[in-house]
Every structure is written in C-alpha cells, then in structure tokens.
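Biologist: Hi, I'm new to this one. Can you put it up and walk me through it?

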Amino acid sequence: MLGLKLLTDPRWANVAESNLEEILTDHAWCEQKAASNAISLITQNCEYEDLVHELTAIAIEEMEHFQMVIDIIKERGYTLGRERKDDYVGRLMKFSKKDGSRNQAFIDRLLFAAMIEARSCERFRVLSKNLQDEKLAKFYHELMVSEANHYTTFLNFARKYTEGTDVDKRWQEWLTFEGELIQSYGTKEQIHG
Ligand SMILES: [Fe+2]
Ligand SMILES: [Fe+2]
C-alpha cells in the first residue's frame, strides 16, 4: 500500500480501541501538526505559486480534520489532552537531509511530509477495517482517502521541483528506512505509536 514496506498488524486497532480518548487526543494533534507543517512549507517556499495554493488547501483541510476529531472528543464526553510527543515523526525528521543545497532540503522536506501522510493513511485504513465502533470506522475511512491525496500532492511536488535529486531513488530510501523504523511501533494507542 503506497509503497510501504511493512503493513501494521491489525491487532494495533484493538489497542487503539481500548483507549479511544487517548488515540483521539493523539490524532487531533497529528492533524494540527500536519496543518502547521503545510503552513511552514508555504512560508519557506512561497516562490512556487501552485505549491502555495495546494498547501493552503491542505492546511485548511487538516484543520477541518482537527475540528472533526475535537467534535468527536466532545460528543463522547472525553477531554482533549495535551499534545503527545510523536517519537516516530521525530525519527523521520532526523533521517531527512538538512545539509546539501536548499533544493535538496526542500525535496526531502516534501518526502518527509509524503512519508507521514502515507503511514497515517495506512493506519487510518487499519482503524477503518478493524474498529468495532462503526461510526468511527466510517470516519477513518473518509480520512484515509483524504490523506492518500495529500501523499500524492507532496510526492508530485517533489518530482516537479527537484533540481537534480533523483526523487524516485530517494523515495525508495525513505521507504526502506521507514520500513525498518516502523517495526518498533504498533503497540501503543497513538496514530504512529
Ligand atoms: Fe488530515
Ligand atoms: Fe494529511
């Protein structure tokens, strides 16, 4: 799925379902961070007009997702907790290239975003297929489709704006790294946990 090297064990959905307040809190902040990430990409790369337009739409959509999640939290009588640390994303951030040219860093930043969208999409799929709660399962199916589109957008911009980086080769390196990394996750009630 989306080139991912390792799929999540469906039993992770049971872990998530055992603590919905926790997974929903973590999920809400994932959406907020996705919006913030899109905004900072816009700020740093405003010379690309189409990127500014598409990432503005993504930032708005991610905040709409945030709103949907906090509405669910409220409906169910839960409380939105503080932002959870995302160890998985921190490890991906460390893998991204910050040295080299400005363009190389920009391309890797886009691939970093595509990677998180791909895994989030896969995790939402696992939730949509395995949650007992039908309403939430349907919700996660809708979000899965949306995150798959974001993944495509980030990857396409990387291909469009590369100045010499072999994007497909670098993307394979990302997939390989992520495939190893994800082996140590899948046990916690976090979207990337
Ligand atoms: Fe989202
Ligand atoms: Fe997204």
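Modeller: First a term we'll need: a residue is buried if 20 or more other C-beta atoms lie within 10 Å of its own, exposed if 12 or fewer, and partly exposed in between, with C-beta atoms placed from the backbone. This is a predicted model, where local features need pLDDT of at least 70, side-chain atom pairs count only at pLDDT 80 or more, and totals for chains, interfaces and linings use all residues. Residues are numbered from 1 along each chain as its sequence is written, while chains are lettered from A and ligands numbered from 1 in the order in which they are written.

Biologist: Switching to helix 3: how many residues does it have?

Modeller: Helix 3 covers residues 49-75 and has 27 residues. From first C-alpha to last it reaches 39 Å, close to the 39 Å expected at 1.5 Å a residue; the expected span is 1.5 Å times one less than the number of residues. Just after helix 3, Gly77 takes a positive phi of about 75 degrees.

Biologist: Which residues of helix 3 are buried?

Modeller: Leu51, Leu55, Ile58, Glu62, His65, Phe66 and Val69. Those buried residues pack against helix 2 and helix 6. Contact here has a cut-off: the C-beta atoms of two residues, placed from the backbone, lie within 7 Å.

Biologist: At what angle do helix 2 and helix 3 pack?

Modeller: About 165 degrees, with their axes 8 Å apart. Axes are lines fitted to C-alpha atoms, for helices over the stretch in contact, and angles run from 0 to 180 degrees between N-to-C directions. That makes helix 2 roughly antiparallel to helix 3; angles under 35 degrees count as roughly parallel, over 145 as roughly antiparallel, 65 to 115 as roughly perpendicular and the rest as oblique.

Biologist: And helix 3 with helix 6, what's the angle there?

Modeller: About 155 degrees, with the axes 11 Å apart. The contact is made by Leu51, Glu54, Ile58, Glu61 and His65 of helix 3, and by Leu143, Ser146, His150, Thr153 and Phe157 of helix 6.

Biologist: How many residues are in the largest nonpolar core?

Modeller: It has 42 residues. A nonpolar core is a set of buried Ala, Val, Leu, Ile, Met, Phe, Trp, Tyr and Cys residues joined through C-beta atoms within 7 Å. The largest share of this core, 14 residues, comes from helix 5. Met115 is among the residues with the most contacts inside the core.

Biologist: What does Met115 touch?

Modeller: Leu92, Trp174 and Glu178, not counting residues up to four places away in sequence.

Definitions and conventions
Helices (H or I, at least four residues) and strands (E, at least two) are DSSP runs, numbered from the N terminus.
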